[in-house]
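This briefing goes through the packing of one structure, topic by topic. Please keep the sequence and the 3D view at hand while reading.

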Amino acid sequence: MPVSLTVAAWPGLTPRLLRVDDETYDDYVAAGGYRDLTDPDRLLDEVERSGLRGRGGAAFPMAVKLRSVRDNGRGRGGAVVVANGEEGEPASIKDRWLLRNRPHLVLDGLRLAAAMVAAQRTYVYVSDPAAAASVEAAVAQRNPGPAVEVVIVAPGYVAGEETAAVRAINGGPAKPTDKPPRPFEQGIGALPTLVSNVETLANLPYIQTHGAEDYRSVGTASSPGSFLATITGAGRPSALYELPHGVRFADVLELHGVPTEMATGALVGGYFAGLLGPGVLDATLDHEALRGLGSGLGCGAISILNGDCPVAVAASVLAYFDRENAGQCGSCFNGTAAMAAAAAGLRDGVATADDLARLRRWSRELRGRGACGTLDGAANIAASLLDQFPAEVARHLETGCPACQSGEFRTLRPYEIEAVMTA
């Protein structure tokens, strides 16, 4: 059953993406939405100067993706743009929130991206029925623009991968394909295709209205702007915050009402980026800082460990990856299963030193062997558990863990968030 969701911006930050009251089409237009765009190339230059990075997980520069699709589409009948709202990370809710609560902001960003790459066809790709209904209603209200088709697929961790989105829209299963070609080279209907996360697209209207310099007035030099962070765990109600890049993790804990001494680590960037130990308390939330810790900001999902055994958390996430892999790559099908079994054995007090050595070896050697990021995500979880929590791992190997033996943390989808209400 959905629980309440706190939605708030960082103190002192004028929100660019969040809005706590209902927004109608008239509200959006009155606030400056759906502005005329007379020079798409100039806007693309402004996007480049803004430093906007993708919000779907990889943090790839948006302007590079736009230029690649635009250039590849010349002489080939144009291009296609997909707003990717298939939120595969169970601990994230930002995309569903935007699609349900600010669909016109997303559609406006989709319109601008389509103009910049000269696309005549656009799609909104989702698995959440409520988000689909919200977008369809907004499409019926908006001013004329490129045709928008809403495509609904069954939810799944791999369904949001960009080649899975292209494959599904082309009529196939929502499962990743081998690369190359990548979507920017050949995607929907064999045309160059931009697949962009909905939060990324939602930043484009702000850049159009206010410009790159204003956009960069918050955040850091290399991670400009604000981002949406889904915060779960620590026995607190879930929250969706709009934060400027570069805020201290400890300060976010304070905003969320969690004393720093209660936090023993965090699952940062959704399931993919892995676990961080107590050192995360001194970190800032930006791409460079987290990369320096061997982690990443990913989709902005942060789950706080507050007494949760990191071995049990890792075992649950690895079991999830094992269940959710597409079953198309032998290395992923077998590799995720092997790592999940080893972590479960460690949690249950039956693993040996040889099992631990194999887990460490797999976490290094299996990277990059799958068609999508599932196997890499599993490797990240395994490696970060071993590197960030060596004392806890050793204790499980030597004496076991009373909390794990009691079954205290056993969940199919750790820190899953289904909340859609505003508190």
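Which residues does His-104 touch, not counting residues up to four places away in sequence? They are Thr-24, Tyr-25, Tyr-28, Tyr-34, Ala-138, Gln-141 and Arg-142, where contact means heavy atoms within 4.5 Å.

The model is predicted: local features need pLDDT of at least 70, side-chain atom pairs count only at pLDDT 80 or more, and totals for chains, interfaces and linings use all residues. Residues are numbered from 1 along each chain as its sequence is written, and side-chain values use heavy atoms, with hydrogens and water left out.

- His-104 is part of helix α5; helices (H or I, at least four residues) and strands (E, at least two) are DSSP runs, numbered from the N terminus.
- With a relative accessibility of 2%, His-104 is buried (buried means under 20% relative accessible area, exposed over 50%, partly exposed in between, with a 1.4 Å probe and protein chains only).
- The side chains of His-104 and Tyr-34 are joined by a polar contact of 2.8 Å. Such a contact is a pair of N or O atoms within 3.5 Å; within protein, one must be able to donate a hydrogen and the other to accept it, and residues adjacent in sequence count only if both atoms are side-chain atoms.

**Aromatic pairs**

- There are nine aromatic pairs, counted when the ring centres of Phe, Tyr or Trp (its six-membered ring) lie within 6.5 Å; planes under 30 degrees apart are stacked, over 60 edge-to-face and the rest tilted.
- Tyr-28 and Tyr-34 make an edge-to-face pair, with 5.3 Å from centre to centre and 80 degrees between the planes.
- Tyr-28 is buried at a relative accessible area of 4%, and Tyr-34 is buried at 10%.
- Tyr-157 and Phe-321 also pair: their ring centres are 5.1 Å apart and their planes are at 80 degrees, so this pair is edge-to-face.
- Tyr-157 lies in the loop between β4 (147-152) and α7 (162-169), and Phe-321 in helix α13 (residues 310-324), so the pair ties together parts 164 residues apart in sequence.
- Tyr-157 and Phe-321 are both buried, and together with Tyr-271 and Tyr-320 they form one aromatic cluster.

**Nonpolar cores**

- The largest nonpolar core has 51 residues; a core is a set of buried Ala, Val, Leu, Ile, Met, Phe, Trp, Tyr and Cys residues joined through side-chain atoms within 4.5 Å.
- Its largest share, nine residues, comes from helix α5 (residues 103-117).
- Val-47, Leu-66, Val-124 and Leu-204 have the most contacts inside this core.
- A second, separate core of 45 residues includes Leu-267, Tyr-271, Ala-314 and Val-317.
- Leu-204 touches residues including Val-47, Leu-52, Met-62 and Met-116.

**Helix α2**

- Leu-43, Leu-44, Glu-46, Val-47 and Ser-50 are buried in helix α2 (residues 40-50).
- Seen down the axis of α2, these buried residues fall within an arc of 160 degrees, so they line one face of the helix; the arc is that of the directions from the helix axis to the C-beta atoms.
- The cover over the buried residues of α2 includes α3 (62-73), α5 and α9 (204-215).

**Thr-230**

- Thr-230 belongs to strand β6 (residues 226-233) and is buried, with a relative accessible area of 0%.
- Its side chain reaches the backbone nitrogen of Ile-93 at 3.2 Å.
- Among the residues that Thr-230 touches are Ala-91, Ala-239, Gly-300 and Ile-417.
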